[in-house]
Amino acid sequence: MDRELNPNTGDYTGNQINNLQNAVYIRLITPKGSWWADPKLGSLLHTLVREKDINRISLLARQYAEEALQPIVKDGRADRIRVAAEQPHNGMVHLHIKVTTAANEYTFKHAVKVI
């Protein structure tokens with residue numbers, strides 16, 4: 001069991017979790033190559049902050065998230081991870097992430113800000 005991280009604040013909530021929520025969150029918010037212990041950990045989602053809110057950005061966000069989350073599947077902690085992107089053209093791209101493990105299936109949401 002892990003202590004739950006709040007995706008809105010980055011602080012611990014005080015709750016205990018037994019899913020991959022923290023692993024997903026950390027891999028999405030950490031800029032790729034910035035963590036000293038594992039330069040492969042992280043995503044390129046932080047580069048989208050400088051991008052305009054055009055249609056291709058949702059495809060890029062989905063690809064960046066899939067790439068960042070692939071190690072969770074490679075490690076065997078999840079059987080499958082599916083990422084869908086929704087772009088309401090309001091300066092945000094919403095990622096809907098479905099993680100399938102041997103025991104359960106979890107859904108996570110992550111927002112990416114664009115111009």
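Some ground rules come with the model. Since it is predicted, local features need pLDDT of at least 70 and side-chain atom pairs count only at pLDDT 80 or more, while totals for chains, interfaces and linings use all residues. Residues are numbered from 1 along each chain as its sequence is written, and side-chain values use heavy atoms, with hydrogens and water left out.

**Strands and hairpins**

Two strands count as paired if DSSP finds at least two bridges between them.

Start with β1 (residues 2-5) and β2 (residues 12-17), which pair antiparallel over three bridges. L5 has Y12 in β2 as its bridge partner. The two strands make a hairpin with six residues between them, and G10 in that turn takes a positive phi of about 85°.

The hairpin of β3 and β4 has five residues between its strands. Which residue there takes a positive phi near 60°? H89 does, and it is a residue other than glycine. H89 sits in the loop between β3 and β4.

**Helix α2**

Helix α2 covers residues 56-74, so to speak a run of 19 residues, and reaches 27 Å from first C-alpha to last, close to the 27 Å expected at 1.5 Å a residue. The expected span is 1.5 Å times one less than the number of residues. There is a kink of about 30° at A68, shortly before the proline P71; the bend is the angle between axes fitted to the seven residues ending at a position and the seven starting there.

Which residues of α2 are buried? They are I57, S58, L60, A61, Y64, A65, A68, L69 and I72. Buried means under 20% relative accessible area, exposed means over 50%, and partly exposed is in between (1.4 Å probe, protein chains only). After α2 comes G76, with a positive phi near 85°.

**Aromatic pairs**

The structure holds two aromatic pairs. W35 and W36 form a tilted one, with 6.3 Å centre to centre and 55° between the planes. The rings of Y106 and F108 have centres 6.4 Å apart and planes at 25°, so that pair is stacked. The cut-offs: rings of Phe, Tyr and Trp (its six-membered ring) pair if their centres lie within 6.5 Å, and planes under 30 degrees apart count as stacked, over 60 as edge-to-face and the rest as tilted.

How exposed are these ring residues, and some others mentioned here?

| Residue | Relative accessible area | Class |
|---|---|---|
| W35 | 41% | partly exposed |
| W36 | 77% | exposed |
| Y106 | 17% | buried |
| F108 | 11% | buried |
| H89 | 43% | partly exposed |
| Q21 | 13% | buried |
| A85 | 31% | partly exposed |

**Two residues up close**

Q21 is in helix α1. Leaving out residues up to four places away in sequence, Q21 touches E4, L5, P7 and F108. F108 is also one of the rings in the stacked pair.

A85 belongs to strand β3. With residues up to four places away in sequence again not counted, A85 touches S58, R62, V93, H94 and L95. The C-alpha atoms of A85 and A111 are separated by 9.5 Å, with the two residues 26 apart along the chain.

How values were computed. Helices (H or I, at least four residues) and strands (E, at least two) are DSSP runs, numbered from the N terminus. Contact means heavy atoms within 4.5 Å.
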